[in-house]
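Subject: Handing over the model

Hi,

Here is the structure I promised you, with my notes below it. Please have a look when you get a moment.

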Amino acid sequence: MIFLSMLVLVEMLGQAKTMVPLSHSSPLICQTVCNCNIKADGLISIICNVESLSQWNSLCQEISKIPRQTHSHVKLKLQGNFSQLNVKFSCMSIIHTLDLSHTFLIPRPEMFASMNSLSVLNLSFNTIQNLPSNLFSSLASLSSVDLSHNAIQELDENIFNDTHLLTALDLSYNNLKAISYLTLSSLKHLQEINLQNNSIQEFSSVHISSCRNLKKLNLHGNQLRAFHVLGNESEISATENLEFLDISSNPLECSCTLLKLLQHLPDHRKTLVSADKTICDSPPSLHGKSLDDVNETLLECTAPYSLKVWPANETSALVASSLVFRCSANGYPSPSVMWVTPWGDMFYSHQKDILQYKSLHMAEDEEVFTFRTYEEPNVDISTTIHIDSKNNLIVNKFRGSMSGNFTCITFNEAGNFSLRIQISAFSKIKPVFVQSLFIGGYSASGLLIIGIFVGVIKSLVKRIQHKFYFIVPLFSKSAPHHEPDTTSNAASVEAFDNNEDDNAGSGNDEEAQSGYSLTVEDALYSSKYDTTDVGNSPKEWTPKALLEYLEDSKGRLRHGMGRKMQRVRKNVQSIKESGSVYVHNIVETGSSAARTMRAGVVMGVETVKYHVQSFKELCGTGDMGTQTISMVSVETDVDSNQSKEIIKQVTFV
């Protein structure tokens, strides 16, 4: 049943060409919408073209009217473009075979719900990329699925969990790179699986360990380097039951792995088809040779050796930088590489299900990553780690908490070998605690020395100032008696008083004040502290002379302050008098203005009165004749308050 879809399509087209005349018992759908072929055995083949949603609704109504009979089998082929039609097939529960090839169908979740009778489903040639995990969840009677010639890249491991009766699965001509061993684990009745012309890189007996009835397996035209026979006897038994195996057109490694596969096939010369096209890609000594020409004794394996890692065994990494760890080893078949982080996470670029059966002895519950993001609360740095196709481990934004041993493990069927790389983290922000202590100590010491130096200088300056300003002692042991010169003092005071009087007469306060200060200075320093009058030297001064000088200075200051206060009183009195005069002038000016305003108002009233009298005379009610008009005006002199009346009379003849 490898080409099941093509056979069904050819059969339907043949039936469409040989349509028999419809009887009166034919379904109404065959008379209105679709072309039908009804056979004597009860097989009904229907071909319908659907272009719009309204046509789809009509089709659903007509199909639901077909009577359900146990002996009938309904085949439905739909044509048209379903890419823009969001349809569900719940109305077609009576359909047994559904052909949706070449319809540009986009699978949606539970699209085939309630199709309990569906046993054959053809979804080929639709450029499908993804399949919802619950697409086949309600198809318990499904026995054959054709998904060939699409663009499927990945299969959910639970997609076939409810299709326990599935016997044929066609996934050829897609873009599959790997298949999980859980994807086929529920297909115990599977007899045929077609995986040709994909990009599958690894396959093993583990993938088909649950398919005990599997007879045909087609892996032609993939990227397989080996078919691994792994696990215990019960898991290997599915491989031993194969009757058809095609692994041709793959870059095979002709090693002990391939030898183990040949040993577990019942008769590999019959089971292994296209053996002449099954060519060895490596080792170099067997490159280009077919399996028919290879001696089984040459199919050997070599455990990994000459392991090389980069960076070196011990190195430092800058925090928040990116790191690339490289690892390579010699061996045959080419050793696989797995990385283990310091905290125990494992990174492997291929499938975990093969790892646990190789020489690593891994537990089933151990998790293996190809990519992972590490985030922590209250930490701005988000770190990602992934392993690329060349088995390089790439760490983006390395953290200090990730320091430790990164382990590279290389392995193949012959053994394994590992090597560690110790990574420590450093930061651009250097530790400066000790340096800060030294810098702080040096700074404090320098400031202390500068403070002491400034204090010493200030002390010396004060001493020097004291020595120069107070070098004359207040008391002397031998000082001659000195009489104050009263005539010179009186002359100074008289000059001071005259100067005060002159300044007061001029009315200039600033000149008076400056004259006063100069006179006091002359009186205190020129007359009183003149050493020529006291004696020949400061030694002739006595406490009695100093007291006399102080008393004399006090009297002169008292006299000067009295004169100053008298001047201030005079100025205040002058201000009062000038203010009174100014206020009186304001009052007089206001009174004159008031009188002028009052005279103007009186003149206006009088003018109004005379004008009223004139109007009366004009109207014949005044004293003048009826033909005489009098005009009276009043002129008032504002300065003399004298009024003058001017009467003008105009007589009309």
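To start with a term used throughout, buried stands for a relative accessible area under 20%, exposed for over 50%, and partly exposed for anything in between, with a 1.4 Å probe and protein chains only. This is a predicted model, where local features need pLDDT of at least 70 and side-chain atom pairs count only at pLDDT 80 or more, while totals for chains, interfaces and linings use all residues. Numbering starts from 1 along each chain as its sequence is written, and side-chain values use heavy atoms, with hydrogens and water left out.

Disulfides next. There are five disulfides in the structure, a disulfide being a pair of cysteine sulfur atoms within 2.5 Å. In one of them, Cys327 and Cys408 have their sulfur atoms 1.8 Å apart. Cys327 sits in strand 17 (residues 323–332) and Cys408 in strand 24 (residues 404–412), so this pair ties together parts that are 81 residues apart in sequence; strands here are DSSP runs of E with at least two residues, helices are runs of H or I with at least four, and both are numbered from the N terminus. Cys408 is buried at 0% relative accessibility, and Cys327 is buried at 8%. With an S-S torsion of about -80 degrees, the disulfide of Cys327 and Cys408 is left-handed.

Cys34 and Cys48 form another, with sulfur atoms 1.7 Å apart. Their torsion is about 115 degrees, so this disulfide is right-handed. Cys34 is buried at 5%, as is Cys48 at 1%.

The largest nonpolar core has 80 residues, and Leu78, Phe89, Leu98, Phe112 and Phe136 touch the most other members. Such a core is a set of buried Ala, Val, Leu, Ile, Met, Phe, Trp, Tyr and Cys residues joined through side-chain atoms within 4.5 Å. Apart from this core lies another, of 22 residues, among them Leu307, Val309, Ile387 and Phe406.

Cys256 and Cys301 make a further disulfide, their sulfur atoms 1.5 Å apart. The torsion of Cys256 and Cys301 is about -100 degrees, so their disulfide is left-handed. Here Cys256 is partly exposed at 23%, and so is Cys301 at 21%.

Happy to talk it through.

Best wishes
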